[in-house]
Structures are given as structure tokens and as C-alpha cells.
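Below is a short briefing on one protein model. It covers a set of listed positions and a sheet with its helices.

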Amino acid sequence: MDEGEHTSQPGESEDSDGETGRSTATDEEIDDPSSNPTDPATEGSPEKSGGHTEDAADTRRSHSDTDATADVDVTADARVDAGSGGRDRSSPDVDFDGVVLDDGDDNQGLFDDLLSGEPIFENKEVLRPSYTPHELPHRNDQINRMATILVSALRGETPSNILIYGKTGTGKTASAKFVSQELESTSQKYDVPCEVEYINCEVTDTQYRVLAQLANTFIEKNQQVIAGRLDNYRELRSEAADDPGVLAGTEFPTLDDLDARIDELETDADEMEEVPMTGWPTDRVYSTFFEAVDYHERVVVIMLDEIDKLVEKSGDDTLYNLSRMNSELNRSRISIMGISNDLKFTDFLDPRVKSSLGEEEIVFPPYDANQLRDILQHRADIAFKQEALTDDVIPLCAAFAAQEHGDARRALDLLRTAGELAERSQAEIVAEKHVRQAQDKIELDRVVEVVRTLPTQSKIVLFAVILLEKNGVHNINTGEVFNIYKRLCEEIDADVLTQRRVTDLISELDMLGIVNAVVVSKGRYGRTKEMGLSVPVEETEAVLLSDSRLGDIENAQPFVQARFDN
């Protein structure tokens, strides 16, 4: 900054009443850089100040004398904090309104407002289905029965196979995992080799994947066992090299025997090859799993959740092989615990598999509203902060879930979603209105997911029903749907199914709860199905149009058959 720029501020030198010494540099200060608290390298040129000098000067000349004095004071105070930033904050030519003051309080980031409210949750994970509680209300009978069956594993014996039945959300998986954790912790307490392996057959749904996952799990555990033994034997080998007498009382009479054992373990570790998720013959995968599980003595409980999905996808070969393994194993023993929502899935099993698999059966009945209330209260005490719920929240969640066949998972989702909605609205407590909002949201989410995963032909049929409803047609019959369906197929160049097949698709939509179809007799004209939508029109239409193939029919307005309503 040169002298000409600095002395062109008459307002500051004359009206500040002796205060200009704090803000106006003298000739000596300009010549002597050490007397200037600002860095001339960063603040000495208009370029470094962002090019705002002339504009700021014009603005400052229009201020009153009082404003000028205040600005000078701010300039002097701010000079200390100016640092070496790109803007010349110490120059009297810069307008400091909203610049020098700390911007942090005024500049709210994207998440600042969301974080400003007090959280309602203490531990939200407690309300998720994946959480295994330390106590399961109203499931003591089932848990005790599982324990009495599996206790034989702690004696080194083979437990009976167990099949667990019950509707969704009746505590089957949570109870089985709870018992499994207790079994493993007790086995460690008494130093008994007992392990539980969990597989979700809805994800791992083929024989190859089940056997590969089990094989790799036991290979990894075996490698850990081998590594631990090698560490012990190598340490013993080091001590025996100095004093062979340390081998007395061990399983190795001589140093050569110890070396041979170390070589054997190293060979075992090298030969253990993990199974790839594809590419091997199934019999090779099976033999690898067999060798891995039988590597040392142990009792293994294999928990197959959603076991009916495995049977539907790949038949009962997996269950047959697993249930027959004990007759071939030398060191280990295997027990199967199957969990299913389908009470009749064993009807499709080979009689030999059915007899060996269903040695013990445990049924989990649905929860009633009072039991659901106890479960929710137990979880809410851990999940929410104190007094975060009004008194009617838990009873209402329990009542809604009791209508859905006593589904505790639905009740927990409802309570968690209500808490999330309350937190998003920055409410201090969860109230009845949040539960009702959560109920609507969960129902809509369910509809969206079901509609989104429909086959393309079912989506076209559903879109035909939506177009008819939007055009004011009531009591829609199958013929009307088929006429619109054909026009829609022509619009997107899709294959046209027969009317009989379209009727079957309507029945499937009815079963999913998307449409409500009833068979109506027309006397001598026969019978027909009349239907109406059971889901929100706008949201359902939006989901259908999000499909890339159906997106082309958004602007198409096929002819809607006019008819007289009876």
C-alpha cells in the first residue's frame, strides 16, 4: 500500500477527535515495516485485498461521522486477528459490516439445525431386529425347551435336531440366538468345544453357498487353532534345545517328535484352501467342509434361519447331507436347528430328511397386545431417554402390531420410526401423533417396496387399474382392465398376455393387498371380478413410472372404456 492510498481518507483524520492514531499510519510507520502490525506482503496491495478498496471507500464516505468512528475502532481491534488472509481486513477502505465479526454463529451448516435439538434416543440399536436382548419376555417356555435339548452338547454328545416354527416377529430368531450365546459362553466356562454357526438362508440360499460358507468358517477357525498350537510348540522347541529335560511329561518323548509335530501342523495350515463362492464341484465343496469341521473334536450347532427358502431354492439335498454327516464324522458332531415361518414346508421334504430333521419341534405362538406392550416397555427403557414417551405411545404401538398377527418386529419398527419422526421435527417427546405418522409411513414403505419389485407384466396390469380409477371408473371389471392393459403393452412394445393370465395377475395383486378384487355374478352373463385399489394412487403411480420401461407411458393417455355404472 503506497502513501497516496493511505492519505486519501480525510474523514478519518479530522473527525476521529484524536483517535486517528489507532487507525491511520504515519510516514515513519510506512517506511519502517517493523512498526506496522500487519504483514505488507499480504496486505500492502489492492490486488491482495480482493479488489474491493475503491468500492469500500465509496461506501465509507457515505457513512455518518459516528459510523466512521465506530468503523475505525473495529478496524483497529480487528487488525490483530487479520492474519495473512486474502482480504485486507486492517485497511480502513474495507467495509467490515458482517465481515470482521465472527461468522461462525451466523453461518449454519446443513446439519447444524438438525443437531441443535436434544436427542430422544439413548440407544436406537435396541429397537432393531438384529439386536439380541439379554431378556426375552414371554418366551421362557420356548427358551427352556431349547436349552434342555442343546445341553447334551456340553456333555460332548450330539443334540437332537430342532425345527422352530412361528409367524414373522414371534421371537424365533432372537430366542435361538439368545440360547446360542448362552451355549457358547457356558462351553467356554467348562472348556468344552462347542460352537454355533448362524446362516440366513434367505441370503445364502443354495447348497453350494451354504457348504462354502460353513467350510470357510471352520477353515478360518482351524487356522487360528493351528497358529496357537505352533506358537506353543515353537516356544517348547526353543526351551528343549537348551534343556531336553523340559520334554519330560509332554506328549513328545524326543526333540525329533516335537519337530515332526511342528512340520505336520505347518503342512496342515498350508493345505487348508478356502472355498471360492463359485467354480468348484459341489462334491469337492462338501468334502472340504467335511474335513474342516472334523479337523478336531467339537460339537457344532448349525442354525439355518428361513430354512424354507433354502428348500424352495435348491431342494432338500443340503439338509439330507448335513443330517447324515454324523455317521461319517470321527472327531466332531453336528446338530441342525432350522427356523421357518412356514408351518408346512416339511411336507415337501424327503421322508428320510423329514424324520431325521424334525426330531424336536418348537412352535412360537403370536404375541397378544399385552405381551407386545411388555416387550416394547422393556426395550424402550433402554432405547429412549427418560420421560421421552407419552403414556399412550407404547399401548398404541402394541395395538397396531397386534392387528398384524402379533408381530413384535413390526411393533419395534413402529416405535423406532415414531421416535425418528419426533426427532426430525425437533419435538421434545414422542407423542401419539408420531405413532400414527409412523404407521402411515411404514405402510406406505411396504407398498412402495412390494410395487417396486413386481414383475413388469404385473406392473402394467396395476397401471391399467390406476388409469381407470383416475378416470372415475368404479367397480372396475376384468374386461376393462384387459382393454387398457393391451393399449399399454402396445405403447411400450411389450408382449400381450391372454385375458386368463391377466386375471391370474389380478388375483396375485389381490393376494398382496394392492387391489381389492371380489367375484361378482352377472346372472346369465357369467361371473367377473370387480376391483379397486387398496393403496394410495399417486404414490403407487410414481413407483410404477420410476421403472425405466414403464416411464414411456407417463404421457400416454390410452382410451378408457366408457360405460354406465349400474
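A residue is called buried when its relative accessible area is under 20%. The model described here is predicted. An unreviewed UniProt entry lists Thr170, Gly171, Lys172, Thr173, Ala174, Tyr367 and Arg379 under "binding site". From this set, Thr173 and Ala174 belong to the lining of the second largest cavity.

**Two of the listed residues**

- Arg379 lies in helix α16, which covers residues 369–383.
- Arg379 has a relative accessibility of 8%, so it counts as buried under the 20% limit.
- Leaving out residues up to four places away in sequence, Arg379 touches Val126, Leu127, Arg128, Tyr131, Pro133 and Leu412.
- Gly171 sits in the loop that links β1 (162–166) and α9 (172–189).
- Gly171 is also buried, because its relative accessible area is 16%.

- Five strands form an open sheet in the order β2-β3-β4-β1-β5, and their pairing is parallel.
- β2 (194–200) and β5 (360–364) are the edge strands; each has a single partner strand, so one side of each lacks a neighbour in the sheet.
- On average, neighbouring strands are turned by 15 degrees against each other, direction ignored.
- Seven bridges join β2 to β3 (residues 298–305) in the parallel sense.
- Glu197 stands opposite Ile302 in β3.

**Helices on the sheet**

- Helix α8 (residues 140–150) packs on the sheet and touches β1, β3, β4 (332–340) and β5.
- The direction of α8 makes about 165 degrees with that of β5.
- Helix α9 lies across β1, β2, β3, β4 and β5, and runs at about 155 degrees to β2.

Notes
Residues are numbered from 1 along each chain as its sequence is written. This is a predicted model: local features need pLDDT of at least 70, side-chain atom pairs count only at pLDDT 80 or more; totals for chains, interfaces and linings use all residues. Side-chain values use heavy atoms; hydrogens and water are left out. UniProt positions are given in the numbering used here, feature names are shortened, and annotations may be inferred rather than shown by experiment. On a 1 Å grid over the protein atoms alone, a cavity is a set of points where a 1.4 Å probe fits but cannot get out, and a pocket is an open set with protein on both sides within 12 Å along at least five of seven lines; lining residues have an atom within 4 Å of a point. Helices (H or I, at least four residues) and strands (E, at least two) are DSSP runs, numbered from the N terminus. Buried means under 20% relative accessible area, exposed over 50%, partly exposed in between (1.4 Å probe, protein chains only). Contact means heavy atoms within 4.5 Å. Two strands pair if DSSP finds at least two bridges between them. Axes are lines fitted to C-alpha atoms, for helices over the stretch in contact, and angles run from 0 to 180 degrees between N-to-C directions.
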